Amino acid sequence: MAEQRESSPRIEDGSVDVDEVGGVRGQADEKELKRMQARLAEMEAEKNTIAQSEPTEGGEAEPDASMEDDEAPAAVDARSVYIGNVDYGATPEEIQGHFQACGTINRVTILCDKFSGHPKGYAYVEFADPSIVQNALVLNESSFRGRIITVREKRTNVPGMNRGRGRGRGRGFRGGFRARGRGRGRGF
C-alpha cells in the first residue's frame, strides 16, 4: 500500500519554524487559519440570513407556512376542494374572489394541459383550515362567469386505483387462426 504523508502547508512569508518531528509552523499558518475562520463565520452568517429570508427554500420552514414540503398530501387534500366546469378564461384571482367569503385561502391551482398550456376546465382551492371546506361546499352549483360550477371535497389519490382487474383493454381476438374475409369462409 502507498504510504500516507501529510500535505505540506503553503508558505507565504519567510518566518517559518521547523520542529523536531519535521512539521512546519509559522506565522503564515496562523494568519491562514484566522482568515479561514473569518471566512467560515461570514458564510454561516450569510446562510442564516438566507434561511430567515426564504424559509421554504432552505427546508427550515415556519410551522404555520402554507407550502411546507414535508406536509402530508392527505392533510392538504383534507382542506382542499375540487371545482369543476370552470370557465377556460378564469384566473386564480377570480376564483379566489369567488371563494373569499368561505375563509382564508392558501392556494388556487388551475390545471392546464401540459402540451398546449390551455386550461383543462377545473381547479383546486386549498384553504387554511379543513373546517372551511364545508363552507365552500355550499357554493356547489353556483354561477361563476356564466357557468354552473361543481364544488366537491378533493379526493386523495390511492396508488394503483386505475389498474382494473381485467386483462387490459383493446386486445381484441386472442389466439388461434382467424380468417380475414378472403376465400370461402363464413365471413367473420
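# Legends to close-up views

**View A. Ser 143 is partly exposed, with a relative accessible area of 47%.** Partly exposed lies between buried (under 20% relative accessible area) and exposed (over 50%), computed with a 1.4 Å probe on protein chains only. The structure is a predicted model, in which local features need pLDDT of at least 70 and side-chain atom pairs count only at pLDDT 80 or more, while totals for chains, interfaces and linings use all residues. Residues are numbered from 1 along each chain as its sequence is written, and side-chain values use heavy atoms, with hydrogens and water left out. Ser 143 belongs to strand S6; helices (H or I, at least four residues) and strands (E, at least two) are DSSP runs, numbered from the N terminus. Leaving out residues up to four places away in sequence, Ser 143 touches His 98 and Ile 148, where contact means heavy atoms within 4.5 Å. His 98 and Ser 143 are 45 residues apart in sequence, and their C-alpha atoms are 9.7 Å apart in space.

**View B. The protein chain holds 4 helices and 8 strands.** Along the sequence these elements follow the pattern β-β-α-α-β-α-β-β-α-β-β-β. The protein chain has 188 residues, of which 16% count as buried. Of the contacts between residues at least 6 apart in sequence, 53% join residues at least 24 apart.

**View C. Strand S3 pairs with S5 and with S8.** Two strands pair if DSSP finds at least two bridges between them. S3 and S5 are antiparallel and share 5 bridges; here Ser 80 has Glu 126 in S5 as its bridge partner. S3 also pairs in the antiparallel sense with strand S8 (residues 150-153), over 4 bridges, and in this pairing Gly 84 stands opposite Thr 150. S3 is mostly covered, with 4 of its 5 residues buried.

**View D. S4 and S5 form a hairpin.** The two strands pair in the antiparallel sense over 6 bridges. Val 108 stands opposite Val 125 in S5. There are 6 residues between the strands, and Gly 117 in the turn has a positive phi of about 85°. Leu 111, in strand S4, is partly exposed, with a relative accessible area of 23%. Its contacts, apart from residues up to four places away in sequence, are Pro 119, Lys 120, Tyr 122 and Tyr 124. Leu 111 and Tyr 122 are 11 residues apart along the chain, and 6.4 Å separates their C-alpha atoms.

**View E. The largest nonpolar core has 19 residues.** A nonpolar core is a set of buried Ala, Val, Leu, Ile, Met, Phe, Trp, Tyr and Cys residues joined through side-chain atoms within 4.5 Å. Val 81, Ile 83, Val 86, Ile 95, Phe 99, Val 125 and Phe 127 touch the most other members. Two or more residues each come from strand S3 (80-84), helix H3 (92-99), strand S4 (105-112), strand S5 (119-127) and helix H4 (132-137). Neighbours within four places in sequence aside, Phe 99 is in contact with Ile 83, Ile 105, Val 125, Phe 127, Ala 136, Leu 139, Ile 149 and Val 151. In soluble globular proteins, nonpolar side chains tend to be buried together.

View F. Arg 145 is partly exposed, at a relative accessible area of 42%.

**View G. The largest pocket has a volume of about 150 Å³.** On a 1 Å grid over the protein atoms alone, a pocket is an open set of points where a 1.4 Å probe fits, with protein on both sides within 12 Å along at least five of seven lines; lining residues have an atom within 4 Å of a point. Points are joined across faces, edges and corners, and the volume is the space filled by probe spheres set on them. The lining consists of Asp 77, Tyr 82, Tyr 124, Glu 153, Lys 154, Arg 155 and Asn 157. By class it has 2 nonpolar, 1 polar and 4 charged residues, with Ala, Val, Leu, Ile, Met, Phe, Trp, Tyr, Cys and Pro counted as nonpolar, Asp, Glu, Lys and Arg as charged, and the others, Gly among them, as polar.
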